Amino acid sequence: FNHHLSPKRHASHASLLQSKEGNLMSQIKEKAQALADELVALRRHFHENPESSLKEYKTAEKIQEELTKLNIPFEKIADTGTLAIIKGGKGEGKTILLRADIDALELPDCTNKPYSSKNEGLNHACGHDAHTAMGLGTAKVLNELKDTFAGTVYIAFQPAEEIGAGAKQFVASGKIDHIDESFAIHVNSGLPVGTFAVQGGPVNASCDIFKIKVTGKSAHVGRPHLGHDALVTASEIVVALQTIVSREVEPGDRAVVGVGKLHAGTRYNIVANDALLEGTIRAFSHTTRAHLKEAVTRIAQGIAVTHRCEVEVDWYDAAAPVINTHELAEKFQLVAKSVDSIDHIITKYELAMGADDFADYLVGKPGVYGLLGSQSGEETAYGHHHEKFDIDEAVLPIGVELEVNYILSRLAN
């Protein structure tokens, strides 16, 4: 991050959430802090019981059990998604969606904490356990305050963020077609607790995954003219793909074309008759993303023809770029500055080449994605997707307080 820190301001923005009955913001803070122990217990439950993408069955059951306890209605989305619905008591109004992702990673848990994963080879090493707990806490506080606002709040407890499949399920369901806007908060181990980062424009890259299958013709290496070498063809494709960013993308536009896997041939003295390579493209605009996809396909096909081979290019659309609505980013900054538990606001930071399928909620709709600091020392400073990733659980009530304040500010707007 390039830290552009804005000092916290109190009085000038506190009026955003005043109510006739008293200071609503103060009530929200008290309610969030009172939930601290419950939030920790929920987060540790999810951390101990991680489930991989699209297999979050017990996680969904627990979420739905907690919502049932709170008398909050919900709808099931596909197999493991849950859409909580909280209607304000003051009538119709805007509809705001909060996304809370719920899936874990295929990774060992090496934290050696009492709440370490009980499921071997699975680990909440990205913070989705925190997002789920925060989402439930936010649901509880909003439900208690529902007579103070008009409009509807959806909380999407979304599966399969890690493979770019869960948001698509929510969009395809038709259940969120009429939302006015959406937002998400992601805990971040690169920022200290009490810090919030949000900016307008692109913040996360798109992610598309490609597989290129090359089919040639085998022969003895001593008679190569009788074969069509899939290995040589695949190797040339790998090298040629590296020219896309350097020669086809405007120098000021950040993009990635990467190949991470290449397998070809069966024996040292046989001309390979097949090859498979896998890689990814990343971009911060829809235009650049489309160009990268076209270029990869074009180059692979052209080289295959040159070497008398056949080629198949398959694409998996994992996520579009996350592009924050500028106005909403500015509103989020203002709300965060009025939250006592937030010490610093970062309004300008480096773009992340990592992707998030929250982008699917932003297609044709305004929205914003922010980062909430979860680090307070060495044990909580490991990077996301690291086997020792952990959070300072003090972030949980802060997250609830921020989410509730932001939602109510948007419903009141």
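The dialogue below takes the cavity and then the pocket.

Modeller: This is a predicted model, where local features need pLDDT of at least 70, side-chain atom pairs count only at pLDDT 80 or more, and totals for chains, interfaces and linings use all residues. Residues are numbered from 1 along each chain as its sequence is written, and side-chain values use heavy atoms, without hydrogens and water.

Colleague: How many cavities of 30 Å³ or more are there?

Modeller: Rolling a probe the size of a water molecule over the atoms shows where empty space is left. On a 1 Å grid over the protein atoms alone, a cavity is a set of points where a 1.4 Å probe fits but cannot get out, and lining residues have an atom within 4 Å of a point. Points are joined across faces, edges and corners, and a volume is the space filled by probe spheres set on them. Here the count is one, and the volume of the largest cavity is about 70 Å³.

Colleague: Which residues line the largest cavity?

Modeller: Leu35, Glu38, Leu39, Leu42, Glu66, Leu70, Leu136, Gly137 and Lys140. Helix H3 (36–48) and helix H5 (128–144) each supply at least two of the lining residues; helices are DSSP runs of H or I, at least four residues, and strands are runs of E, at least two.

Colleague: What volume has the largest pocket?

Modeller: A pocket is an open set with protein on both sides within 12 Å along at least five of seven lines. The largest pocket has about 520 Å³. Its lining has 27 residues, with Asn204, Ala352, Gly354, Ala355 and Tyr369 nearest the centre. Strand E8 gives the most to this lining, three residues.
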